[in-house]
Amino acid sequence: MAGHQGNQTSEDQAITNDPRVRPDPASGRMELPRELTKPRSNRARSKEHKKRPSTHKLVSQYIAPCMKSYGLCIVDNFLGDRIGERVAQEVKRIHQSGGMQDGQLASQKLNKSKAIRGDKIAWVDGTEGGCQNIGYLLTRMDKLITCADGKLDKFKIRGRHKAMVACYPGNGAGYVKHVDNPNADGRCVTCIYYLNKNWNAKEHGGLLRIFPEGKSYVADIEPLFDRLLLFWSDRRNPHEVQPSYATRYAITVWYFDSEERAEAKRKFRDLTANSQKGSSS
């Protein structure tokens with residue numbers, strides 16, 4: 001993770017005065033708050049206490065406050081090594097069996113899309129054959145978000161997208177700066193689960209860089225094995241995937257705000273109806 005100084009707004013000044021965010025004496029840049037530089041681990045605290053922290057505690061003591069303050073949150077060791085490895089094996093099988101297609105952009109030709117995003121993707125709901133551990137991951141994500149509902153901004157979360165299983169093939173592919181939900185399509189929280197063991201960002205690249213709106217820092221997230229990242233899907237969090245020089249796997253799920261999603265569907269139905277009327281007249 002790294003913090004970078006930018007032009008300060010009044011909101012930035014307020015952050016500068018926040019005791020949790022201090023300038024680095026050596027560089028003068030804003031240091032990220034502890035919650036982001038030292039993510040919460042979901043491991044059991046000791047061999048004597050083998051039980052992982054409860055979902056309720058994880059949400060109430062860490063995820064909800066972190067999302068409220070910074071708009072993003074990181075949880076390491078989310079599933080544990082054993083289950084995380086099984087999820088990784090399922091994802092690799094999907095990739096190696098040719099089950100992924102080039103990621104594309106709406107209303108863009110393929111060659112232009114590849115210049116903007118270089119990943120290969122597959123859509124998975126976790127019930128497919130050979131995807132039971134991905135299904136377990138989605139169940140755990142759902143439990144987390146259900147527990148957090150009512151604590152995440154103003155959102156009423158009642159559904160989600162299928163999981164997007166993605167691979168950046170390690171040839172320098174990335175994804176240029178973008179916003180997941182720039183036009184109120186209903187997506188409110190982005191959850192990304194990373195699957196990359198022994199990842200070295202200096203050698204392999206592949207950082208997810210988030211540019212939180214109005215902040216004096218950027219957040220560089222390494223795509224480390226068994227790491228879960230959450231952030232607001234709207235214009236508050238433009239982000240990019242920097243070029244990857246090793247095979248990079250991730251699973252992304254978008255959760256919907258029920259009211260915004262219903263409004264987006266209504267607008268789409270109206271647009272479709274008007275288009276059909278125009279074509280028949």
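**Entry 1**

The model I am reading is a predicted one. I found N77 in the loop between β2 (72–76) and α4 (81–96). I then looked up its backbone angle: phi of N77 is near 55 degrees, a positive value in a residue other than glycine.

I looked up D153 next. Its phi is near 55 degrees, again a positive value in a residue that is not glycine. D153 lies in the loop between α6 (132–148) and β5 (157–160). Is D153 buried or partly exposed? With 41% relative accessibility, D153 counts as partly exposed.

**Entry 1: aromatic pairs**

I asked how many aromatic pairs there are. The count comes to 3 aromatic pairs. I noted one of them in detail: W123 and W254 form a tilted pair, with 6.4 Å from centre to centre and 45 degrees between the planes. W123 lies in strand β4 (residues 120–124) and W254 in strand β13 (residues 248–257), so the pair ties together parts that are 131 residues apart in sequence.

I also recorded the exposure of both partners. W123 has 38% relative accessibility and counts as partly exposed. W254, at 7% relative accessibility, counts as buried.

**Entry 2: charges over rings**

I returned to W254 and looked at its ring face. R187 lies over the face of W254, at 5.0 Å from the ring centre. I noted a further case at F225: the charged end of K197 sits over the ring of F225, 4.9 Å from its centre.

**Entry 3: the largest pocket**

I looked up the volume of the largest pocket, which is about 810 Å³. Which residues are the closest to its centre? Of the 34 residues that line the largest pocket, they are R117, Y175, D180, R187 and W254. Two of these names were already in my notes, for R187 lies over the face of W254.

I then asked which strands take part. At least two residues of the lining come from each of β4, β6 (163–168), β7 (173–178), β8 (187–194), β12 (239–244) and β13. Strand β13 gives the most to the lining of the largest pocket, with 6 residues.

**Entry 4: the partners of β4**

I followed β4, the strand that holds W123, to its neighbours. Strand β3 (residues 101–102) and β4 run antiparallel and are joined by 2 bridges. In this pairing I found D102 opposite K120 in β4. β4 also pairs with β6 in the antiparallel sense, over 5 bridges. Here A122 stands opposite V165 in β6.

**Entry 5: the partners of β8**

I turned to β8 and checked how covered it is. β8 is mostly covered, as 8 of its 8 residues are buried. I counted its bridges to β13 as 7, with the strands running antiparallel. β8 also pairs with strand β11 (residues 227–232) in the antiparallel sense, over 6 bridges.

What are the bridge partners of Y194? In β13, the bridge partner of Y194 is A250. In β11, the bridge partner of Y194 is R227.

I looked up W232, which has its place in strand β11. W232 counts as buried, with 5% relative accessibility. I noted C188 beside it in my list: W232 and C188 are 44 residues apart in sequence, and their C-alpha atoms are 5.8 Å apart in space.

I then looked up the separation of H204 from G170, which is 34 residues away along the chain. Their C-alpha atoms are separated by 8.1 Å.

Technical notes: Residues numbered from 1 in each chain as written. Predicted model: local features only at pLDDT ≥ 70, side-chain atom pairs only at ≥ 80, totals over all residues. Heavy atoms only, no water. Phe/Tyr/Trp six-rings, centres within 6.5 Å; stacked < 30°, edge-to-face > 60°. Helix = DSSP H or I, 4+ residues; strand = E, 2+ residues; numbered from the N terminus. Buried < 20%, exposed > 50% of the residue type's maximum accessible area, 1.4 Å probe, protein only. Lys NZ or Arg CZ within 6 Å of the ring centre and 35° of its normal. 1 Å grid on protein atoms, 1.4 Å probe; cavity = no way out; pocket = protein on both sides within 12 Å on 5 of 7 lines; lining within 4 Å. Points joined across faces, edges and corners; volume = space filled by probe spheres on them. Pairing = 2+ DSSP bridges.
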